[in-house]
Amino acid sequence: MIETQHKQVPWRWVVLITLPSFATTLAEGLSSSFLTFTLRKFFDNPATIAFISSLNVFFNVAVGVVVMYVSDHVWFRSGRRKPFVITAWILMIACSIFVPLVRNVYVLVPLVVVWLALADMSMPFGILQQEIIPPQQRGRASGIAQFIGYAYLLFVYTIMLGRFDDQEFQPWFVITGDRAAFWTSALILAITTVFVAFYVRERKPVQALTSQKVSLANFFTSVFTDKTLWPIYLLSFSRTFLAIGLGTMGTLLFTEQWGYTKQEMGTNIAIGGLINIPLTLVVGYFADKFDRIKLYTYSICGNLLMTIAYYCFVQFFLPDHRPLLWQIILFGEIGALIGLLSSTVAGPMAYDYIPRDKMGTVAAGSGIIGSLTRLLMLNGVSLWVTFYSKRFCPPGQLDYFSGYLMMIAMGMVGVGISLLFVGMVRRGVIKPYGRMNIGAVEQAPAP
């Protein structure tokens with residue numbers, strides 16, 4: 001039985017509680033590339049596709065933020081995070097089964113909306129993982145999570161994406177590529193649900209917020225008036241700017257503007273994942289053994305420089321502005337290595353400064369700030385692409401690559417804000433609350 005609130009845990013616990021990330025990442029991944037191609041069957045306007053896909057970000061606030069806040073203030077027999085997670089996963093399994101069967105847009109869109117909302121209802125699982133894994137083990141745990149993430153890339157983009165349009169006729173049924181993808185996700189999520197429901201136990205900490213009344217007024221008071229939490233929100237704001245990509249525009253850039261097939265797109269991503277897999281655990285080790293602040297600073301600056309270099313290479317050095325696959329892989333791999341370092345370090349670094357009894361509350365505040373910013377930026381990219389294309393391209397032609405200009409601008413803002421956070425840490429303005437009061441529980445530890 002895996003438990004929360006221990007000062008040190010066996011490494012098998014770390015691995016086992018990180019493994020469900022494969023199921024959650026797969027479900028999240030289906031809401032990007034696969035959902036884009038599914039919606040493309042019904043909609044021609046890229047802004048419409050981007051809007052529907054970005055509803056996931058809206059539900060980060062409308063559902064995920066609320067659930068994470070409430071999970072700090074309640075206690076059920078099975079814990080405070082698990083009830084929300086298990087309920088959401090069970091309903092997501094049902095949605096994943098039916099989404100590829102629907103051929104009516106008026107049924108598909110509401111079903112997708114419900115599915116995206118349920119995905120955000122399961123967000124307390126990330127907090128549950130951090131309550132199981134102590135701070136001194138989170139860097140390597142983050143490396144393991146990155147390892148699982150790249151395994152997901154290999155699985156999805158090598159095997160599943162290229163088969164999206166395939167059809168296999170059975171006597172009474174047709175198995176299509178999209179059905180195979182969604183149903184595989186449902187099966188893996190079902191196995192994960194059983195594991196977390198029966199083999200993970202939450203122990204109630206001594207410092208908990210269950211005595212506080214849950215209300216809208218208390219929500220805003222708890223989330224936004226505590227000045228010790230503001231620097232974490234600042235970091236969340238900056239990380240959102242740094243993490244914003246092209247979204248659905250990236251998928252359309254690769255397949256429609258550059259003319260590559262879905263299989264070539266999948267192979268490109270899978271090659272990068274294959275190269276990075278052995279490096280994930282090494283990066284996780286560095287995240288635990290070296291100054292996380294320095295590693296984070298170097299990585300975000302390097303990532304911005306790589307984005308600028310890639311844009312300049314494609315826009316000014318290639319006559320047709322269409323990189324070859326090996327060029328995409330080369331630039332993508334260098335950027336992925338830098339991004340691997342920043343993403344592995346960022347999570348453990350942020351949790352070092354979050355009070356342990358307010359992890360859900362901080363996640364709620366960060367979710368509001370990050371999600372609203374992401375919602376605006378993702379739709380902003382699509383609107384920018386539309387504006388730029390009408391201004392500089394022939395009628396009817398879309399330049400999805402122009403979205404990199406907005407990515408660069410947002411990256412500059414993100415780096416600037418992140419450096420402000422780093423400066424506050426160096427001056428001692430921000431305290432490492434997340435490393436305090438580890439292991440204190442109301443009930444006696446299990447033998």
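Modeller: Let us start with a cut-off: a residue is called buried when its relative accessible area is under 20%. Please keep in mind that this is a predicted model.

Biologist: Gladly. Why is Arg81 called buried?

Modeller: Arg81 has a relative accessible area of 0%, and the limit is under 20%, so Arg81 counts as buried.

Biologist: Where does Arg81 lie, and what does Arg81 touch?

Modeller: Arg81 lies in the loop between α4 (55–73) and α5 (82–98). Beyond residues up to four places away in sequence, Arg81 touches a list of residues including Met68, Asp72, Pro124, Glu131, Glu202 and Met359. Pro124 is 43 residues from Arg81 along the chain, yet their C-alpha atoms are separated by 5.5 Å.

Biologist: What makes the pairing of Arg81 with Ser71 a polar contact?

Modeller: The two side chains come to 2.6 Å, and the limit for such an N or O pair is 3.5 Å, so the pair qualifies as a polar contact.

Biologist: Let us turn to Ser238. How do you know whether Ser238 is buried or exposed?

Modeller: The relative accessible area of Ser238 is 0%. Buried requires under 20%, so Ser238 is buried. Ser238 has its place in helix α11, residues 230–243.

Biologist: Which partners does the side chain of Ser238 find?

Modeller: One is the backbone oxygen of Leu235, reached at 2.8 Å. Another is the side chain of Ser418, in a polar contact of 2.9 Å. Both pairs sit within the 3.5 Å limit. Apart from neighbours within four places in sequence, Ser238 is also in contact with Tyr296, Gly414 and Ile417.

Biologist: Now for backbone angles. What makes Gln5 and His321 worth a remark?

Modeller: Neither is a glycine, yet each has a positive phi: about 65 degrees for Gln5 and near 55 degrees for His321. Gln5 is in the loop between β1 (2–3) and α1 (11–18), while His321 is in the loop between α14 (292–317) and α15 (325–351).

Biologist: Why is Gln5 called buried, and why is His321 called partly exposed?

Modeller: Gln5 has 5% relative accessibility, which is under 20%, so Gln5 counts as buried. His321 has 35%, and that falls between 20% and 50%, so His321 counts as partly exposed.

Biologist: How do you know that the span of helix α17 is close to what is expected?

Modeller: Helix α17 covers residues 403–426, has 24 residues and reaches 35 Å from its first C-alpha to its last. Just after α17, Gly428 takes a positive phi of about 80 degrees.

Biologist: Which residues have the most contacts inside the largest nonpolar core?

Modeller: Among them are Trp89, Met92, Tyr296 and Phe421, in a core of 90 residues. Helix α6 (residues 105–121) gives the most to this core, with nine residues. A second, separate core of 27 residues includes Ala50, Leu252, Leu318 and Val381.

Biologist: What does Met92 meet away from its sequence neighbours?

Modeller: The contacts of Met92 beyond four places in sequence are Ala27, Trp115, Leu118, Ala119, Ser122 and Leu189.

Biologist: Finally, how confident is the predictor?

Modeller: The protein averages a pLDDT of 80, and 87% of the residues score at least 70. Over residues 443–447 the pLDDT is below 50, and this stretch has nine contacts in the model beyond near neighbours in sequence.

How values were computed
Residues numbered from 1 in each chain as written. Heavy atoms only, no water. Helix = DSSP H or I, 4+ residues; strand = E, 2+ residues; numbered from the N terminus. Buried < 20%, exposed > 50% of the residue type's maximum accessible area, 1.4 Å probe, protein only. Polar contact = N/O pair within 3.5 Å; in protein donor to acceptor, adjacent residues only side chain to side chain. Contact = heavy atoms within 4.5 Å. Expected span 1.5 Å × (residues − 1). Core = buried A, V, L, I, M, F, W, Y, C linked by side-chain atoms within 4.5 Å. pLDDT = per-residue confidence, 0-100.
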